[in-house]
Amino acid sequence: MISRRTLLKSIGATALAGSTLSMPAIGRADGGASGRVVIVGGGFGGATAAKYIKRRAPSIDVTLVEASGRFYTCPFSNLYLGGLRDFESIGHDYAELTERYGVRLVTDLARDVDGAGRTVTLASGETLAYDKLVLAPGIDFRWDAIEGYDEAAAELVPHAWKAGPQTQLLKAQLEALEDGGLFILGAPADPFRCPPGPYERVSLIAHYLKTHKPKSKILILDSKDAFSKQGLFTAGWQALYGDLIEWVPLSQDGKVVRVDAASREVETEFGTVHKAGVLNFIPPQKAGFIADAAGVVNESGWVPIKAETFESTQVADIHVVGDATIAAPMPKSGFSANTQGKVVAAAVVAALGGDASPEPIWANTCYSLIGPDYGISVAGVYRAADGKVISVEGSGGVSPAEADAAFRKREAEYTLGWYAAITQDIWGTTAA
Ligand code: FAD
């Protein structure tokens with residue numbers, strides 16, 4: 001791993017702060033481009049693509065189809081669970097996209113895509129014709145993967161892996177937990193949305209429990225043997241929470257195979273049964289269903305893309321961004337989706353104007369809070385080569401293992417700055 005200083009030297013600090021790296025000429029209007037673009041999903045990837053297509057070529061007609069009127073971010077939902085933020089502070093609306101950039105917003109669910117006829121059908125029955133379609137639906141859950149864990153079970157045992165009512169349900173359950181109760185988190189195998197997310201979640205729930213219910217414990221049952229920023233997380237847990245958090249990896253019987261939602265019990269691979277006071281189960285995932293309906297997913301359940309443009313390898317003129325894609329080594333993160341959205345905006349504008357796509361470069365930083373004053377991060381820079389996303393050699397890095405409290409506090413401050421910057425960039429709204 002190279003140091004953060006070397007990373008900054010290699011890509012320029014602005015890329016990390018404002019994620020502008022992927023489109024250096026982003027402010028320029030390409031007058032020649034015109035056509036109809038439909039975007040499905042107004043989260044990190046889709047809302048970014050909508051804004052940056054309009055910014056680059058206002059003459060393109062952009063329709064954004066988003067199921068909810070207000071978007072609650074998964075990033076910082078863990079801060080809400082830990083008592084560090086209120087719920088509305090992670091909510092964003094589409095006023096800037098519609099009023100300032102002229103995006104047409106349709107609040108509805110896209111039900112189907114006809115790739116040959118180039119149309120999207122909405123739940124209302126309306127049909128939208130497109131020249132270019134951008135799918136940014138995020139994830140859906142594999143409800144058939146774990147015995148006992150289906151949509152009905154999630155009403156009792158929340159996943160809280162899409163922010164909204166699920167996150168509020170988990171928070172209410174934590175508040176009702178008795179002092180001395182056990183919080184269990186079931187973490188999935190790779191690949192899944194936000195590799196460090198489960199471990200940031202237990203960190204901030206540990207902060208909440210230590211503050212309000214100090215006799216309580218946390219058990220992580222994991223379906224894998226290693227996780228993102230593992231050494232930094234475990235050192236932080238030890239420093240801040242002592243033995244409050246126990247992690248059980250796959251090879252030591254961490255894999256949950258059955259959930260009994262009514263009794264909040266889980267059974268692991270080798271037959272051990274654990275009973276929780278609060279159970280948070282994060283099930284295996286796949287691309288949002290509309291990607292399947294459009295015919296762009298492969299047997300993995302995710303979407304293969306041509307790295308240069310994030311266009312589907314299976315259906316022409318459908319670009320896909322964000323968690324739904326197979327873009328490893330880029331992680332499934334909001335920051336990745338944001339930079340991918342900018343690259344897709346450039347590719348779509350170029351194609352509609354009859355130009356070649358600019359050469360893409362993407363950046364990502366995943367910040368995590370272990371406590372309110374204790375931040376850590378992992379960063380990477382990526383480029384396209386032979387249709388694949390690859391890491392730029394010599395780029396990237398993680399926070400140092402040895403760092404004093406002032407350093408960790410600064411990273412916690414950068415975490416807050418990152419959230420303010422990215423939400424401002426995408427929705428034009430910076431929550432208090
Ligand atoms: P989303 O942002 O989920 O957007 C998808 C949108 O599409 C949704 O609004 C949905 O309503 C809409 N939609 C889906 N299907 C349809 C349809 N058929 N019709 C209409 N609308 C539809 N990432 C970071 O970079 N930093 C972090 O600190 C971070 N923390 C996280 C913490 C947690 C607890 C979790 C769960 C995730 C975290 N992430 C973080 C990851 C981040 O949330 C995702 O990577 C990001 O949201 C992916 O963006 P996306 O555009 O692919 O999907």
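Two strands count as paired if DSSP finds at least two bridges between them, and helices (H or I, at least four residues) and strands (E, at least two) are DSSP runs numbered from the N terminus. The model is a predicted one, so local features need pLDDT of at least 70 and side-chain atom pairs count only at pLDDT 80 or more, while totals for chains, interfaces and linings use all residues. Residues are numbered from 1 along each chain as its sequence is written, and side-chain values use heavy atoms, with hydrogens and water left out.

On to the strands. An open sheet of four strands runs in the order E13-E12-E11-E17, with parallel pairing. Strand E13 (245-248) and strand E17 (278-281) sit at the edges, each pairing on one side only. On average, neighbouring strands here are turned by 15° against each other, direction ignored; axes are lines fitted to C-alpha atoms, for helices over the stretch in contact, and angles run from 0 to 180 degrees between N-to-C directions. Within this sheet, strand E11 (residues 182-187) and E17 run parallel and are joined by four bridges. Leu185 has Asn280 in E17 as its bridge partner.

Parallel pairing also links strand E1 (residues 36-40) to strand E2 (residues 61-66), this time over five bridges. E1 is mostly covered, with four of its five residues buried; buried means under 20% relative accessible area, exposed over 50%, and partly exposed in between (1.4 Å probe, protein chains only).

The antiparallel sense turns up in strand E6 (residues 110-114) and strand E7 (residues 119-122), which pair over four bridges. Val113 stands opposite Val120 in E7. E6 and E7 make a hairpin with four residues between them, and Arg118 in the turn has a positive phi of about 55°.

Now the helices. Helix H7 (residues 197-212) has 16 residues and spans 22 Å from first C-alpha to last, close to the 22 Å expected at 1.5 Å a residue; the expected span is 1.5 Å times one less than the number of residues. Since 13 of its 16 residues are buried, H7 is largely enclosed by the rest of the structure.

Two packed helices are described by the angle between their axes and the distance between the axes. For H7 and helix H8 (residues 230-241), the angle is about 0° and the axes are 11 Å apart. That makes H7 roughly parallel to H8; angles under 35 degrees count as roughly parallel, over 145 as roughly antiparallel, 65 to 115 as roughly perpendicular and the rest as oblique. On the H7 side, Tyr199, Glu200, Val202, Ser203, Ala206, His207 and Lys210 meet Phe233, Trp237, Leu240 and Tyr241 of H8, where contact means heavy atoms within 4.5 Å. The residues of this contact divide into seven nonpolar, two polar and two charged.

Helix H3 (residues 44-56) and helix H11 (residues 405-427) pack at about 55°, with axes 8 Å apart. H3 and H11 are therefore oblique to each other. Phe44, Ala47, Thr48, Lys51 and Tyr52 of H3 meet Ile422, Gln424, Asp425, Ile426 and Trp427 of H11. This contact comprises six nonpolar, two polar and two charged residues.

Finally, a few single residues. Leu177 lies in the loop between helix H6 (165-176) and E11, and counts as buried at 7% relative accessibility. Leaving aside neighbours within four places in sequence, Leu177 is in contact with Leu182, Leu209, Lys213, Ser216, Gly277 and Val278. Leu177 and Ser216 are 39 residues apart in sequence and 8.8 Å apart in space, C-alpha to C-alpha.

Val378, in strand E24 (residues 374-385), counts as partly exposed at 22% relative accessibility. Not counting residues up to four places away in sequence, Val378 touches Ser228, Lys229, Asn364, Thr365, Cys366, Gly397 and Val398.

Gly354 is found in the loop between helix H10 (334-352) and strand E23 (361-371). With a relative accessible area of 66%, Gly354 is exposed. The C-alpha atoms of Gly354 and Asp225, 129 residues apart along the chain, are 48 Å from each other.

Notes. Nonpolar A, V, L, I, M, F, W, Y, C, P; charged D, E, K, R; others polar.
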